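Here is a quick tour for anyone meeting this structure for the first time. Have a look at the picture, then read on.

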Amino acid sequence: MAAGRELVVSFGEMLIDFVPTVAGVSLAEAPAFLKAPGGAPANVAIAVSRLGGGAAFVGKLGDDEFGRMLAAILRDNGVDDGGVVFDAGARTALAFVTLRADGEREFMFYRNPSADMLLTADELNVELIKRAAVFHYGSISLIAEPCRTAHLRAMEIAKEAGALLSYDPNLREALWPSREEARTQILSIWDQADIVKVSEVELEFLTGIDSVEDDVVMKLWRPTMKLLLVTLGDQGCKYYARDFHGAVPSFKVQQVDTTGAGDAFVGALLQRIVKDPSSLQDEKKLVESIKFANACGAITTTKKGAIPSLPTEAEVLQLIEKA
């Protein structure tokens with residue numbers, strides 16, 4: 001990671017989530033929906049900014065009311081939107097998200113195609129990407145061309161400029177043509193990442209084994225990696241670095257909505273790593289950073305919606321002190 005840079009650049013989709021006003025109902029049963037800005041890479045960028053870090057977002061939105069609204073939300077939250085482009089011919093993506101009684105989510109997407117899928121390599125803000133200390137991305141941008149090629153080119157540019165590459169697959173099975181295609185494409189860029197975060201659901205999906213034991217997790221480890229993380233919801237997180245591994249428990253909170261908790265965790269961890277890259281080699285520092293990220297994720301589950309519930313540093317430190 002190049003010295004003197006503290007910018008996290010997040011690449012991929014930003015969309016509108018429509019969330020039922022009542023929890024624990026199907027989409028068909030929902031009496032009404034609230035619109036909420038979302039999209040994992042955008043949530044990560046805002047999480048970093050909310051904590052006082054430098055963040056930018058690269059992606060494509062529809063040249064429509066929703067697209068302009070989302071770009072304004074990035075700016076209002078202190079995220080550099082210099083990498084955002086607009087498509088006059090395609091709409092901003094929409095997702096209807098059901099909150100089940102247990103706070104978990106179900107999705108129905110409107111993307112055929114949506115603007116985020118149509119980003120081309122020629123539209124990338126190369127200078128912005130070159131400024132990244134960390135370049136973060138998911139796998140949804142790998143599903144369709146031309147966005148897939150743009151994604152791969154952006155990774156190349158960032159890597160060549162000295163950025164750490166951060167990957168959260170953020171599996172959304174409903175968006176892929178098949179489970180096999182999802183697994184193949186998600187793993188197609190696995191070896192290039194420095195930092196990878198998976199959930200326990202994604203661990204099972206990618207390995208085919210329903211276990212979070214070390215021998216299963218190590219099937220996803222690559223010698224080129226600096227850090228592999230497995231998030232376990234309210235059970236915390238397991239971490240694997242080149243010279244050490246372990247687990248960090250989470251914080252007990254009253255969960256309302258898990259939307260964005262993983263993104264809050266990633267944003268918090270990346271912000272800490274950018275501030276002190278030595279934490280990737282220092283287990284004590286890394287555990288403190290993960291503890292901070294766990295607290296950030298936990299707080300996010302206590303309110304509805306991802307972006308409104310992303311905490312400030314003061315809120316995170318308050319939860320850690322109370323625990």
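## A hidden alanine

Ala-42 sits in helix H1, residues 40-50. Helices here are DSSP runs of H or I with at least four residues, strands are runs of E with at least two, and both are numbered from the N terminus.

What does Ala-42 touch, leaving aside residues up to four places away in sequence? Its partners are Glu-13, Met-14 and Phe-57, with contact meaning heavy atoms within 4.5 Å. Ala-42 and Ile-307 are 265 residues apart in sequence, yet 9.1 Å apart in space, C-alpha to C-alpha.

## About the model

What you see is a predicted model, where local features need pLDDT of at least 70 and side-chain atom pairs count only at pLDDT 80 or more, while totals for chains, interfaces and linings use all residues. Residues are numbered from 1 along each chain as its sequence is written, and side-chain values use heavy atoms, with hydrogens and water left out.

## The sheet and its helices

The protein has 10 helices and 13 strands. Nine strands make up an open sheet with mixed pairing, in the order S5-S4-S1-S8-S9-S10-S11-S12-S13; two strands pair if DSSP finds at least two bridges between them. At the edges are S5 (80-87) and S13 (245-248), each pairing on one side only. On average, neighbouring strands in this sheet are turned by 15° against each other, direction ignored. Strand S12 (residues 237-241) runs antiparallel to S13, joined by four bridges, and Cys-237 stands opposite Val-248 in S13.

Helix H4 (residues 147-160) lies across S1 (7-11), S8 (134-137) and S9 (164-167), at about 160° to S8. For these angles, axes are lines fitted to C-alpha atoms (for helices, over the stretch in contact), and values run from 0 to 180 degrees between N-to-C directions.

## The whole protein

Of the protein's 323 residues, 56% count as buried. Among contacts with a separation of 6 or more, 70% come from residues 24 or more positions apart. The C-alpha trace spans about 50 × 45 × 40 Å along its principal axes.

Terms used. Buried < 20%, exposed > 50% of the residue type's maximum accessible area, 1.4 Å probe, protein only.
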